[in-house]
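The sequence and the structure are shown first.

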Amino acid sequence: VDFRQISGFHDWNPSGGFVWTDDAATIEMRTRKSRYLNIVIDGRYEHVDDGPIRLYLNDEEWLLDWSPDGMFLSIEIPGGQSSSVILRNIVGAKSPRDMGESDDARFLALRLTRISFDEQPSFPDIYPPSVSTDESL
């Protein structure tokens with residue numbers, strides 16, 4: 001198993017247990033067997049807290065409606081290949097310095113409290129969603 005945060009992540013906040021991302025955060029991984037990338041997005045920077053979030057897994061993409069309660073995602077990563085996951089806040093990111101709040105020049109968008117690569121999904125919202133083959137629907 002190879003699992004790396006490639007771009008768009010700021011340092012983990014040791015006292016708060018979270019990490020801010022830029023407008024797009026990329027995670028790359030490779031695994032022999034299918035596994036799950038489990039992610040909790042518990043908030044967004046208030047100046048870019050609008051609209052959906054775009055999720056990419058390799059060549060697939062989904063537009064996810066934002067919930068004020070946050071997002072709890074389990075993303076099925078196929079085995080036997082390299083994969084890339086991108087989380088994109090479609091309205092972008094802004095810095096607290098540009099907003100006149102502090103000297104912090106980091107561009108902030110998504111606030112993540114969990115990123116784990118596990119054998120099982122942790123949440124009911126699993127991507128890619130399964131497609132029903134029941135023709136009675």
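## Surface patch and ring contacts

Leu63, Ile90 and Val91 make a nonpolar surface patch of about 240 Å². Patches take residues with over 30% relative accessible area and no salt bridge, nonpolar side chains being joined within 5 Å; a salt bridge is a side-chain nitrogen of Lys or Arg within 4 Å of a carboxyl oxygen of Asp or Glu. Areas come from the Shrake-Rupley method with a 1.4 Å probe.

The model is predicted: local features need pLDDT of at least 70, side-chain atom pairs count only at pLDDT 80 or more, and totals for chains, interfaces and linings use all residues. Residues are numbered from 1 along each chain as its sequence is written, and side-chain values use heavy atoms, without hydrogens and water.

Leu63 belongs to strand E5 (residues 60-64) and counts as partly exposed because its relative accessibility is 48%, between the limits for buried (under 20%) and exposed (over 50%).

The whole structure has four aromatic pairs, with ring centres within 6.5 Å. In one of them, Phe18 and Trp20 are edge-to-face (planes over 60 degrees apart), at 6.2 Å centre to centre and 85 degrees between the planes.

Two arginines lie over ring faces, with CZ within 6 Å of the ring centre and within 35 degrees of the ring normal.

| Arginine | Ring | Distance to ring centre |
|---|---|---|
| Arg35 | Phe117 | 5.1 Å |
| Arg111 | Phe18 | 4.0 Å |

Ser116, in strand E8 (residues 110-118), is buried, with a relative accessible area of 14%.

Key
Phe/Tyr/Trp six-rings, centres within 6.5 Å; stacked < 30°, edge-to-face > 60°. Patch = residues over 30% accessible without salt bridge, like charges linked within 9 Å, V, L, I, M, F, W, Y side chains within 5 Å. Helix = DSSP H or I, 4+ residues; strand = E, 2+ residues; numbered from the N terminus. Buried < 20%, exposed > 50% of the residue type's maximum accessible area, 1.4 Å probe, protein only.
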